[in-house]
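Thanks for coming, everyone. I'll keep this brisk. Please look at the model on the screen.

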Amino acid sequence: MKEQLKIRFKKFALSIIQLCDTLPKKNATFVISNQIIKSSTSMGANYRSALRGRSTAEFLSKLGIVEEESDETLYWLELISDSGLANQEQIDPLWKECNELLAIVVSTINTTRKNQKTSKQ
């Protein structure tokens, strides 16, 4: 599962980069492209870092960053969609994948916290 998620995060970031390459060349697009590329690539980088965490606290901290970066990526996708910079057919699969990755991360955070509480009792 961990290896599959690493691959999904990487493919997602690559898909965002490809989307940005198709956007019209405008001042606003430059800023949005930079931001969404940063947040989407950070998702996978921090997930990989979480897997190398030396403690549960470090693992949870890194996953918290993944959660934040995922939410930020959704924000940028929303702006791209609402501004008409890309068509909905380009945005929908990315939106779906980002939400799925976010749900997995949130579930992992919740499960880890629950297990951490159970082991302390």
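R8 has a relative accessibility of 26%, so R8 counts as partly exposed. Keep in mind that this is a predicted model.

Helix α1 runs over residues 2-22. That is 21 residues. From first C-alpha to last, α1 reaches 31 Å, close to the 30 Å expected at 1.5 Å a residue.

Which residues of α1 are buried? They are L5, F9, F12, A13, I16, L19 and C20. They cover an arc of only 120 degrees around the axis, which puts them on the same side of α1. Now turn the helix around. On the other side, E3, Q4, K10, K11, Q18 and D21 are exposed.

What covers the buried residues of α1? The cover includes α2 (27-51), α3 (56-82) and α4 (88-120).

Next, the nonpolar core. The largest one has 29 residues. Within that core, F9, L19 and I80 touch the most other members. The elements giving two or more residues to this core are α1, α2, α3 and α4. Helix α3 gives the most, with 8 residues.

Take F9 as an example. Leaving out residues up to four places away in sequence, F9 touches M43, G44, Y47, V66, L101 and V105.

Now the charges. Side chains of opposite charge can pair when their charged atoms come close. How many salt bridges does the structure hold? There are 5.

Start with E3 and K6. Their closest N and O atoms are 3.3 Å apart, and the two residues form a salt bridge. Both sit in helix α1, 3 residues apart, so about one helical turn separates E3 from K6. K6 has 22% relative accessibility, so K6 counts as partly exposed.

Back to R8. The side chain of R8 meets that of E97 in a salt bridge, at 2.8 Å from N to O. R8 lies in helix α1 and E97 in helix α4, so this pair ties together parts that are 89 residues apart in sequence. Is E97 buried or exposed? At 19% relative accessibility, E97 counts as buried.

R8 has another partner. The side chains of E100 and R8 meet in a salt bridge, again with 2.8 Å from N to O. E100 lies in helix α4 and R8 in helix α1, so the pair ties together parts 92 residues apart in sequence. E100 has 30% relative accessibility, so E100 counts as partly exposed.

Last stop, T41. T41 has its place in helix α2. Its relative accessible area is 33%, so T41 is partly exposed. A polar atom of the T41 side chain lies 2.7 Å from the backbone oxygen of I37. Which residues does T41 touch, not counting those up to four places away in sequence? T41 touches A13 and I17. A13 is among the buried residues of α1. As for E58, T41 is 17 residues from E58 in sequence and 20 Å from E58 in space, C-alpha to C-alpha.

I'm happy to take questions.

Methods. Residues numbered from 1 in each chain as written. Predicted model: local features only at pLDDT ≥ 70, side-chain atom pairs only at ≥ 80, totals over all residues. Heavy atoms only, no water. Helix = DSSP H or I, 4+ residues; strand = E, 2+ residues; numbered from the N terminus. Expected span 1.5 Å × (residues − 1). Buried < 20%, exposed > 50% of the residue type's maximum accessible area, 1.4 Å probe, protein only. Arc of directions from axis to C-beta. Contact = heavy atoms within 4.5 Å. Salt bridge = Lys/Arg side-chain N within 4 Å of Asp/Glu carboxyl O. Core = buried A, V, L, I, M, F, W, Y, C linked by side-chain atoms within 4.5 Å. Polar contact = N/O pair within 3.5 Å; in protein donor to acceptor, adjacent residues only side chain to side chain.
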